[in-house]
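Have the picture ready while you read.

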Amino acid sequence: MTPHGQLHLKHPTLGYAYVTIDDLVHDSLVLRSKTGIDEHRFADVGALLQAGWAID
């Protein structure tokens, strides 16, 4: 977790994204691309990992 309250993730083809601490506290896995264009929503951590995302 960064001082800005973000957990950064990476994907081999989709690039980089982050999830906010606020979302995590509210059991919401919403990855926001660093470009600010895309959002990726996941039901749980297993789905996030299965989709190829990893902590950066």
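## About the model

This is a predicted model, where local features need pLDDT of at least 70, side-chain atom pairs count only at pLDDT 80 or more, and totals for chains, interfaces and linings use all residues. Residues are numbered from 1 along each chain as its sequence is written, and side-chain values use heavy atoms, leaving out hydrogens and water.

## The sheet

Strands count as paired if DSSP finds at least two bridges between them. Strand 1 (residues 6-11) and strand 5 pair over two bridges, in the antiparallel sense. Here, Lys 10 stands opposite Ala 54 of strand 5.

## His 11

Strand 1 also holds His 11. Is His 11 buried or exposed? His 11 counts as buried because its relative accessibility is 13%, and buried means under 20% relative accessible area, with exposed over 50% and partly exposed in between (1.4 Å probe, protein chains only).

The His 11 side chain reaches two backbone nitrogens: that of Thr 13 at 3.1 Å and that of Leu 14 at 3.0 Å.

## Ile 21

Ile 21 belongs to helix 1 (residues 21-25); a helix here is a DSSP run of H or I with at least four residues. With a relative accessible area of 42%, Ile 21 is partly exposed.

Methods
A polar contact is a pair of N or O atoms within 3.5 Å; within protein, one must be able to donate a hydrogen and the other to accept it, and residues adjacent in sequence count only if both atoms are side-chain atoms.
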